[in-house]
Amino acid sequence: MGVIKIERRKQSFMERLYIPETVKGMFVTLRHLIHNLLNYKDLPIINYPEVKRVYSERFRGRHILTSREDGTTRCVACYMCSTACPAECITIEAGEDDRTREKFPTRYEIDLLRCVYCGYCVDACPEDAIYMTRDYELAIDTRARSVVGLRDLVVPPNMPTEPMGWRPYYGEIRKEGTAGGTGRGQEIRAAAFGDEAAPNPELYKGEARPKSEADSRQGA
Amino acid sequence: MSTPTRFSSMPYTGPAPTNRKPFVPAGLEAIDKRCDEIQAKIAAPYVTAVPGQDLPTFVVEREKIVDVLRKLKEDTELRFELPIDLFGVDYPRRPEGRFDVVYQLYSIKNNDRVRLVVHTDEDKPVPSSLPVFQGFDWFEREAFDMYGIRFDGHYNLRRILTHEMFQGHALRKDYDPAQRWLLTEKDVAKIVPVVEHHPEDSDFEQVTLNLGPSHPATHGTLRIVVTLDGEKIIGADTEIGYLHRCFEKMAETHTYQQVIPFTDRLNYCSAIINNVGYSLAVEKLLGIEAPPRAQYIRLVLSEFMRIADHLVCIATNVLDMGALTNFWYLYQPREEIYQLVEACCGARLLPTYTRIGGLSVDAPANFLDMAKALVKKLPSHINDAEKLLLRNRIFLERVDGIGAITRESAINHGYTGPCLRATGVPYDVRKAKPYIGYDTYDFDIPVAEGGDTLARTLVRLEEMRQSLRILHQAIERGLPAGPVIVDDPYVALPPKEKVYNEMESLIYHFKLIMHGIQPPVGETYFAVEGGNGELGYHIVSDGSKNPYRVRVRPPCFAVYQAFRKMIVGQTIADAIATLGSLNIIAGELDR
Ligand code: SF4
Ligand code: SF4
């Protein structure tokens, strides 16, 4: 069994003098300073919030509920996500569509303050209905606002995949390469999601989506 | 301190009916043989061997437990001198007594373990093992706090993790976890440190000072009460539990898979190691092994996490002593380690990366490149910090001989990890009982002499280099091909494509989410080398989807209980330096 014994070094005379070693130490610091000045672009500092960190496409941020092509939510209110959730933060109430006999959620709430962002709900969903995004700025000013409902969660169909984080890709990876994240900062959120256009905050808001038939059916 | 039963209002219906087969540990014959050998050594009628367990296990009569512990410790051949764990398990309505008190000892000499079980009841106190193992001090208090098991002769048997106004005992099976208890300021326990020696001719009055619970130098919510003579500490006491969330009760009310996110929050500086330890423990119970690719990724990330843990420890330790530069140099690589973790699993601090039977998702395609770049970058940061610290006379003189603990005392207190190795004991779980393939890697265990703050820093610095050595070898070998999770529909969710398209997979998917993983009936212990010592999980399964009991053996808990003795005689500033070098993580300490 390999064991190495670390001996304590006796301080040399120069070290005991303290001042010369301090100067040497300053050189280490100076080297870092010059290196950083010359490689300003590579500094690990991110000027948040002007510049935002790019997380990988597996990032587990705020949730969204996806929609089918016809604008109805994919969720079939099967309660799998709320069963799998270790924080017990998903509340679902199911309703039934009179015409198609489809089950759908009349109420779907996630308490983002209880949520531990583990991604189990995404793994559990058999319908490809719940994803997590790379949205990590979740500051709220009252506790009540931590509970987000269908209005905030449902996104229109054909949402670009760039803002999305943790998705059900258990067993198979969708994208080769860096898994999206560079860890570096990038200016404004749109750029962070790999697209030059200005950020579209509406993407995350239920109100922005055109009123579809599904809405009137769900009575949202 | 009472144990009012009116708060134990949950109707307990007994263990869930199950048709699962009992758990049969691997290598059972060797264990049972060892069991017989040990029993022949103790040779006492009050010790009964329990065959078929994963460690040599004995049921000991309650009154005789201290004798047996002493025999096991002092026998020149057995030398079970390291107290690993003591905890309770509740089996309501069992005829031979409601509670089990489980002791686990480790023999450094023989690299061997033994488990002792004592059956007891609410009104039958167990003799305290403090005269033999001081390391069981807080463990006994915890068993009292969580179960109401009394220990005769314990000098300070009061609640440790919950507060004074807490009613009932949280880990009893009939305790309703939804209850809430309010602690007001007037009810907070008044802590007066015991002063053993106050010199008569002192120029100063005795002053009692409260450090924490929210003090910047305690890095977490720890409360230290010190009695001072001038600047010198003449008496100290510690109070913990401010971050207690009853991980063990939560584990009992959730499925095996759902416990993984909770383990993240134990030692949050090296969360992946916690994930790995827990998953391996459940896998041992299930008798399965994760595929090589998963084991490989687990190993690489565990080593990165160990480095991150040590980086944080050294950085914050020297920060408390005023060395800010090192803090920046050491935190930068840590940030990049977290970036690698985030690329793998989508979160930095709380990864929840492993699943029982493997990993949640495969590592990204450029995993090895990222790891390679990091391994290349790390040494320069470590070297810089080492240069700035170990050639700095002020640092050296501030830490040399400070917060020292002798080898005997460290062993007796149940020290493991870098703090034990700093006293010269080469005990490392990765070598003693290799897991996920550590035995195929070439690395050394660094030890130092003295057991003081400097020794702990030296050990940590060298350990990072050894971890880098492991990582170099791992990267050279490359990622093994294959899946990252077992192909067993009773353990792992089927691939999503199949769930969407095939009925059979969908049914398995539903079954697994709704009914969880159901391991065989039995109990097992599995330990990994955490950032701060032996991190063990003892899991008791009754065959249902929820664990019957999950016990986590927190290394910090054992380490921190000796702290109040270590700092007596030092100044306050030294106490802070000592605390930093012990690397106490409140999330793991309080669970
Ligand atoms: S991320 Fe985890 S905690 Fe949050 S809603 Fe999903 S399952 Fe629950
Ligand atoms: S989000 Fe998925 S798992 Fe949750 S209720 Fe809807 S369909 Fe079921």
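Is the crossing of H6(B) and H7(B) left-handed or right-handed? I looked this up and found the crossing left-handed, meaning that the near helix is turned anticlockwise from the far one by less than a right angle.

Ground rules. I am working on a predicted model, where local features need pLDDT of at least 70, side-chain atom pairs count only at pLDDT 80 or more, and totals for chains, interfaces and linings use all residues. Residues are numbered from 1 along each chain as its sequence is written, chains are lettered from A and ligands numbered from 1 in written order, and side-chain values use heavy atoms, without hydrogens and water.

Helix pair, chain B. I noted H6 as residues 271-286 and H7 as residues 292-320; helices are DSSP runs of H or I with at least four residues, strands are runs of E with at least two, numbered from the N terminus. The two pack at about 140 degrees with axes 8 Å apart (lines fitted to C-alpha atoms over the stretch in contact; angles run from 0 to 180 degrees between N-to-C directions). In contact (heavy atoms within 4.5 Å), I listed B:Ile273, B:Val276 and B:Leu280 among the H6(B) residues, and B:Leu301 and B:Met305 among those of H7(B).

Sheet, chain A. I traced an open antiparallel sheet of 3 strands, ordered S4-S5-S7. S4 (90-96) and S7 (147-148) are its edge strands. Strands pair if DSSP finds at least two bridges between them; S5 (103-111) has 2 to S7(A), and A:Asp111 is partnered with A:Val147.

Ligand 1. I counted 14 residues around ligand 1, the closest including A:Cys85, A:Cys115 and A:Val116 (a heavy atom within 4 Å).
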